[in-house]
Amino acid sequence: DLGALTDSAFSRGVKGVLDHGIIFVQSAGNQSPDYQSAQPDLLRDACDYSFGEKYPAVIVAGGIDEYDGRWTRRPALDPDDAQICVNNSGDCGSNAGSCVDIWAPAAHVLSSSKDGDNLTCRLSGTSMAAPHVTGVVALYLEDHPNATSSEVEKALRSRGTWNVLESDSQNPNYIGPASDNVVLNADTLSLGPDLA
């Protein structure tokens, strides 16, 4: 949240991680409104909810869904969404903007459940997108162990799939005017330039 971003101890911690050459992936946040009131001027800026602007080396993951665009809850269609996204009070859709480096799956992702051992559940939000990106980062680092954060980000984006997400501002899954239209691709070997 914004308070954490301005907290000097937390900010110093992030800088310390980056200064030690550790790749830092962060979710873009879920503060954007739900699809019923989706308007370009209402999308929340990921720069306000991540370290992407303060520390460009942080790789920020935006969330996408099965509608080929920005993940957003659908309270009118999904009772679970209706319980979580109430009057656009938060946790309604992926943030967007220039700090989003890459988009990744964020809807109905199979995950482990907190309710018991060996249980699974389906979760949605940019907290699901960030692990997708982190996994691909790990795959890339396996073959390029000395890559810097900027090299890893460049590799992800060059190997990503471009211009397939919703760019119509009238569509509820619109990714916004400042967001790069690039989706994570897990193939870290055969696509794009080799940066090693």
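These legends cover the cysteines of a predicted model. Local features need pLDDT of at least 70 and side-chain atom pairs count only at pLDDT 80 or more, while totals for chains, interfaces and linings use all residues. Residues are numbered from 1 along each chain as its sequence is written, and side-chain values use heavy atoms, with hydrogens and water left out.

**View 1. Disulfide count and pairing.** The model holds two disulfides, a disulfide being a pair of cysteine sulfur atoms within 2.5 Å. With the bonded cysteines numbered in sequence order, the pairing reads 1-4, 2-3.

**View 2. The disulfide between Cys 47 and Cys 99.** The S to S distance is 2.0 Å. The torsion about this S-S bond is about 100°, so the disulfide is right-handed. Cys 47 sits in the loop between strand E1 (25-27) and strand E2 (59-64), and Cys 99 in the loop between helix H3 (79-84) and strand E3 (102-105), so the pair ties together parts that are 52 residues apart in sequence. Helices (H or I, at least four residues) and strands (E, at least two) are DSSP runs, numbered from the N terminus.

**View 3. The disulfide between Cys 85 and Cys 92.** Their sulfur atoms are 2.1 Å apart. The S-S torsion is about 100°, so this disulfide is right-handed. Both cysteines, Cys 85 and Cys 92, are buried.

**View 4. Cys 121, in no disulfide.** The nearest cysteine sulfur belongs to Cys 85, 19 Å away. Cys 121 is partly exposed, at 23% relative accessible area.

Notes:
Buried means under 20% relative accessible area, exposed over 50%, partly exposed in between (1.4 Å probe, protein chains only).
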